[in-house]
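Student: I've got a new model to go through with you. Can we talk it over once it's on screen?

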Amino acid sequence: MFVLIGYAVALGCIFGAYVLHGGNMGVIIHALPTELMAILGGALGAFVVNNQPKVLKATLAALPTLLKGSKYSKARYMELLALLYDILQKARKEGLMSIENDVERPHESALFKKYATVGNDHHVVEFITDYLRMMVSGNLNAHEIESLMDSEIDTHHHEAHAPAAAIARLAGALPAFGIVAAVLGVVNTMGSVGQPPAILGGMIGSALVGTFLGILLAYAVAEPLAGLMEQKNDENGKELQCIKTTLLASMQGYAPQVAVEFGRKVLYSADRPTFAELEGHVKGKK
């Protein structure tokens, strides 16, 4: 919703100012089809050449999510921390082997079913169970597991960053494609120098529309999308960091209630539940 509102404000103000200054929208509308064909066609072709198929697929999959609100909220993080608390509490009371079935079959586990918000998130469940499995095996110490976690989070960040970087590169190229379209329009105009000034003026105006559209699409459309995509990626990574911090605190001997407090402190302040809110949520789930 905010994306559409932002675009409406940006485009409305830009074209509104043009009209208020006495601009003729007919010139832009007349030139729009061919200029967009040159700019968007060239940019799309270059975009395909510039990115591997997996990046193209990831970009197409990520674009619709930008129109939705963030799934990372205080309520989700309370669910996540409560889930981690229950798992660690069970392991502390009954031993690490008691959570083996939960780790191996999380979709059948009562613990994961209890917290459906995060329990149905494949990536979150996989990240948690992979490292709980290592903790149960007892073959790795906290420093080794931390190194593995950092490597996985770093890999995840780079994969998630690829679509945002691709859109950012596209934004950087769009003004150049606008210039290409404008130059073609000037070439066409120069071939008609014998026409009356009114006709030549219209042709020159149409050519300049290409430059305008290239800059507009770059900085009012593509660049904001890249920035929003990057922010959503950071939110995704923050959830994994929360899990990492909680599990490592547990491995270092901290009680479950203290371990989840470590994880809570990692979260962004806008979405971080207070200690009292988290405690009340955990008690309410018992």
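**Fold and cores**

Student: Among contacts between residues at least 6 apart in sequence, what share joins residues at least 24 apart?
Tutor: Keep in mind that this is a predicted model. Taking the contacts in the protein chain between residues at least 6 apart in sequence, the share joining residues at least 24 apart is 77%.

Student: What is the radius of gyration of the protein chain?
Tutor: Start with the secondary structure: twelve helices and zero strands. The C-alpha trace spans about 90 × 35 × 30 Å along its principal axes. For 286 residues the globule rule gives 19 Å, and the chain is well over that, so it is more spread out than a compact globule; its radius of gyration is 27 Å.

Student: Which element gives the most to the largest nonpolar core?
Tutor: That core has 40 residues, and L80, L83 and I87 are among those touching the most other members. Elements giving two or more residues to this core include α8 (122-137), α9 (142-190) and α10 (197-251). The top contributor, with eleven residues, is α4.

Student: Leaving out residues up to four places away in sequence, which residues does L83 touch?
Tutor: L83 is one of the core residues that touch the most other members. With those sequence neighbours left out, its partners are L111, F112, Y115, V118 and I128.

Definitions and conventions:
Residues numbered from 1 in each chain as written. Predicted model: local features only at pLDDT ≥ 70, side-chain atom pairs only at ≥ 80, totals over all residues. Heavy atoms only, no water. Core = buried A, V, L, I, M, F, W, Y, C linked by side-chain atoms within 4.5 Å. Buried < 20%, exposed > 50% of the residue type's maximum accessible area, 1.4 Å probe, protein only. Helix = DSSP H or I, 4+ residues; strand = E, 2+ residues; numbered from the N terminus. Contact = heavy atoms within 4.5 Å. Rg over C-alpha atoms; globule rule 2.2 N^0.38 Å.
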